[in-house]
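I opened my notebook to look up a few things in this structure. Here is the model I worked from.

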Amino acid sequence: MNKSPFLLVSYYTKKTYYEKEAQDLIASCEKFGIDYHIEGIDSLGNWNRNCLYKATFILNQLEKAKRPIVWTDADSILCSYPTLFDQFPCDIAARMPETLHPDDPGKVRSGTLYINYTEQAISLVKEWVKMCSESDETDQICLKKTLLAHGEGVRFYPLPATYCMIHQQNVDDLPSNDVVFLHTQASRLYQKLIDHELVEFPFLQSLSNEELKELRFYNPD
């Protein structure tokens with residue numbers, strides 16, 4: 001079997017509901033014949049520290065795989081094959097919504113990332129790792145600051161919206177066929193559970209992936 005030109009990677013926190021989410025991501029990778037490495041990690045203490053580990057994880061996978069890496073959050077799924085990544089002449093790519101002000105902390109979104117196996121990309125990711133290790137800000141804010149401080153000479157590409165689509169609607173309201181990566185915003189619920197800001201009710205354990213998604217997007221209005 002031929003390998004995909006890139007390796008899709010992600011991780012989830014063990015003993016959390018992200019384990020269920022990752023199964024949907026794995027199924028979608030297998031559906032489209034994409035090589036993947038998705039693993040569970042022990043919690044690093046809170047939701048944000050778990051997310052800040054993303055930079056280190058990506059660097060490790062780059063150095064092991066020695067080929068381009070595509071990162072996507074464990075709560076996302078592939079809706080179609082990401083043809084953009086088959087032959088992608090850039091060092092790093094991320095979603096940068098045109099509607100957001102350049103100073104908006106969410107201007108660079110890290111839910112879906114492409115990191116090429118180049119000296120420039122590896123050097124940038126190492127700086128991102130350093131910034132994440134020294135910061136309590138989010139990984140995407142750290143990525144934005146890293147790009148601003150160390151991005152000179154790095155070929156950056158802004159991903160189209162379809163490569164980092166946020167699922168705002170009810171889970172049954174499927175998006176158009178143009179969507180490639182669909183992010184289902186598991187942090188709406190799981191962040192509070194992991195940080196012990198919300199009491200975990202036993203019935204949650206018995207819910208399926210679909211029912212958990214329905215719960216996150218439930219709107220009584």
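**Ground rules.** I am working with a predicted model, in which local features need pLDDT of at least 70, side-chain atom pairs count only at pLDDT 80 or more, and totals for chains, interfaces and linings use all residues. I number residues from 1 along each chain as its sequence is written, and side-chain values use heavy atoms, with hydrogens and water left out.

**Entry 1: aromatic rings.** How many aromatic pairs does the structure hold? I found 14 aromatic pairs. For a pair, ring centres of Phe, Tyr or Trp (its six-membered ring) must lie within 6.5 Å; planes under 30 degrees apart are stacked, over 60 edge-to-face, and the rest tilted. I looked up F6 with Y81, a tilted pair at 6.3 Å centre to centre with 45° between the planes. F6 sits in the segment before β1 (7-13) and Y81 in the loop between β4 (76-78) and β5 (92-95), so this pair links parts of the chain 75 residues apart. Helices (H or I, at least four residues) and strands (E, at least two) are DSSP runs, numbered from the N terminus.

I then checked F6 against F85: the centres are 6.0 Å apart and the planes at 80°, so this pair is edge-to-face. F85 also lies in the loop between β4 and β5, so the pair ties together parts 79 residues apart in sequence.

Buried or exposed? For relative accessible area, I call under 20% buried, over 50% exposed and anything in between partly exposed (1.4 Å probe, protein chains only). F6 is buried at 0% and F85 is buried at 1%, whereas Y81 is partly exposed at 23%. I also noted that ring pairs link F6, Y81, F85, F88, Y114, Y157, Y163 and F181 into a cluster.

**Entry 2: helix α3.** I checked the length of α3 (residues 54-65): its 12 residues should span 16 Å, and the end C-alpha atoms are 16 Å apart, which agrees. The expected span is 1.5 Å times one less than the number of residues. Buried residues in α3 include F57, I58, L59 and L62. Just after α3, K66 takes a positive phi of about 55°.

**Entry 3: α4 against α5.** α4 (residues 119-133) and α5 (residues 139-150) pack at about 130°, with axes 9 Å apart. Axes are lines fitted to C-alpha atoms over the stretch in contact, and angles run from 0 to 180 degrees between N-to-C directions. That makes α4 oblique to α5; under 35 degrees is roughly parallel, over 145 roughly antiparallel, 65 to 115 roughly perpendicular and the rest oblique. Among the contacting residues (heavy atoms within 4.5 Å), I listed L124, W128 and M131 in α4, and C142, L143 and L147 in α5.
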